[in-house]
Amino acid sequence: MLRVTKLTDYATVVLTVLAARPQDVMSAAELAEQSGLEAPTVSKLLKPLAQAGLVEGFRGANGGYRLARDAAAISLVEIVEAMEGPLAMTECSLHDSQCSISRQCGVRGNWRRINDVVADALRAVSLAQMLGDGPQPHSISTAGGAKRIDARLARA
């Protein structure tokens with residue numbers, strides 16, 4: 001099963017709390033209370049989010065955190081990469097792959113295309129959309145009323 005880690009999921013929750021109050025500087029304790037997470041978990045999340053330039057930290061009596069830029073300008077791929085590193089479906093999806101069979105592998109190009117589709121899908125969804133404030137990504141109805149995100153395969 002493909003899934004993001006719990007910490008990435010929690011990071012998205014914390015960022016939506018900040019996005020809901022863009023003018024406020026919130027302490028880690030306030031973020032924990034608003035998100036329903038434990039304070040140590042929130043503190044653990046804030047460091048990589050700040051390093052990635054997604055949140056700004058302020059010291060002092062009125063210190064805390066706020067989004068570094070508008071929620072509409074933060075994509076899900078940025079959140080995933082802040083918490084998990086470069087997006088890679090497989091080892092060979094990375095450009096500096098350490099895969100020992102890459103020279104004779106016949107599926108590497110296809111995994112890279114799939115990786116690009118997933119990255120594009122995550123790039124197309126903003127934090128504002130996760131909060132429900134932004135325009136929703138363009139989707140097409142499919143059989144049974146399910147929705148899918150349009151994506152193009154990249155050239156290998």
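**Salt bridges**

I counted the salt bridges and found 4 in the structure, taking as a salt bridge a side-chain nitrogen of Lys or Arg within 4 Å of a carboxyl oxygen of Asp or Glu. I keep in mind that this is a predicted model, in which local features need pLDDT of at least 70, side-chain atom pairs count only at pLDDT 80 or more, and totals for chains, interfaces and linings use all residues. Residues are numbered from 1 along each chain as its sequence is written, and side-chain values use heavy atoms, with hydrogens and water left out.

I looked up Glu 56 and found it paired with Arg 66, with 3.0 Å between the closest N and O atoms. The pair links distant parts of the chain, 10 residues apart, since Glu 56 sits in strand S1 (residues 55-58) and Arg 66 in strand S2 (residues 64-67); strands here are DSSP runs of E of at least two residues, and helices are runs of H or I of at least four, both numbered from the N terminus. For accessibility I used under 20% relative accessible area as buried, over 50% as exposed and what lies in between as partly exposed, with a 1.4 Å probe and protein chains only. Glu 56 is partly exposed at 29%, and Arg 66 is partly exposed at 29%.

I then turned to Glu 78, which forms a salt bridge with Arg 69, the closest N and O atoms lying 2.1 Å apart. Glu 78 has a relative accessible area of 27% and is therefore partly exposed, and Arg 69, at 30%, also counts as partly exposed.

In helix H5 (residues 108-123) I noted Asp 120 and Arg 123, which are 3 residues apart and so separated by about one helical turn. Their side chains meet in a salt bridge of 2.7 Å, N to O. I read Asp 120 as partly exposed at 36% and Arg 123 as partly exposed at 47%.

**Helices H2 and H3**

I checked how helix H2 (residues 28-35) lies against helix H3 (residues 39-51): their axes come within 8 Å and cross at roughly 115°, where axes are lines fitted to C-alpha atoms over the stretch in contact and angles run from 0 to 180 degrees between N-to-C directions. H2 is therefore roughly perpendicular to H3, a term covering 65 to 115 degrees.

I listed the contact residues, with contact meaning heavy atoms within 4.5 Å: Ala 28, Leu 31, Ala 32 and Ser 35 come from H2, and Ala 39, Val 42, Ser 43 and Leu 46 from H3.

How values were computed
Parallel < 35°, antiparallel > 145°, perpendicular 65-115°, else oblique.
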